[in-house]
Amino acid sequence: MHASIQQQDAEKLPGQVPGSASDQESTVAQRIAHIDDDPDIRDTVRRILEASGYAVESYQTMNDFMVSLWNSTNPPDLAILDVMVETMDIGLEAYVEIHKRFPELHLIFMTSLGEEIRPYFTGLSDEWILIMEKPVEPISFLSIIHNRLENNEP
C-alpha cells in the first residue's frame, strides 16, 4: 500500500527518510520529527522547517518513528504526527503511548481531518491538543512551531 523508502545506509535511524537534516551535520539545537506517509507533504514540511533553521527527521510510518524514539537517548524537541499514517487512527494511538513515555515531548497533529478529530481525544488527555490542518500555510505553520517550542508546557 505504501511506497517503500529508498535503501538506507546502515548508520541511519530506522525509518528515517533520506535527505533529512539529521543525515547531514547540524548545529541546530531544536529537532523536529515529522511523520507522514505522503512524500510530498514530508518534503514540503522539511523544506519549510529547514529553511527556518530547524533540524528535521522525517519518517514514513508511525512504527518507524516509535522504534527510533524508543531507542533514542536524545528525543526530538517536537513531533508532528499525522493521524492516518498506516491505519485510520494510528496517530491517536501513538499520541497516547508517546505522551505516557515522553511527557515533555511537544506533540502536534497535522491532518487533513482538521478539527474533526478533536472528539477522539475525549478522555485521553486533559491537555489541549494542537491540530494543524493540511495543507499548511508556511508563515502560520512556522509561528505555531516556534510558539510550541518556546512554551515550556508540552
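Contact is taken here to mean heavy atoms within 4.5 Å. Helices (H or I, at least four residues) and strands (E, at least two) are DSSP runs, numbered from the N terminus. The structure is a predicted model, in which local features need pLDDT of at least 70 and side-chain atom pairs count only at pLDDT 80 or more, while totals for chains, interfaces and linings use all residues. Residues are numbered from 1 along each chain as its sequence is written, and side-chain values use heavy atoms, with hydrogens and water left out.

The loop between strand 3 (78-81) and helix 3 (90-101) holds Asp82. With a relative accessible area of 4%, Asp82 is buried. Beyond its neighbours within four places in sequence, Asp82 is in contact with Ile35, Asp36, Asp37, Met62, Gly91, Met110, Thr111 and Lys134. An unreviewed UniProt entry places the feature "modified residue: 4-aspartylphosphate" at Asp82; such annotations may be inferred rather than shown by experiment.

A further packing involves two other helices. The axes of helix 1 (residues 39-51) and helix 4 (residues 138-150), which are lines fitted to C-alpha atoms over the stretch in contact, come within 11 Å and cross at roughly 65 degrees. Helix 1 is therefore roughly perpendicular to helix 4, a term covering angles of 65 to 115 degrees. Helix 1 contributes Val45, Ile48 and Leu49 to the contact, and helix 4 contributes Pro138, Phe141, Leu142 and Ile145.

How values were computed:
Axes are lines fitted to C-alpha atoms, for helices over the stretch in contact, and angles run from 0 to 180 degrees between N-to-C directions. Angles under 35 degrees count as roughly parallel, over 145 as roughly antiparallel, 65 to 115 as roughly perpendicular and the rest as oblique. Buried means under 20% relative accessible area, exposed over 50%, partly exposed in between (1.4 Å probe, protein chains only).
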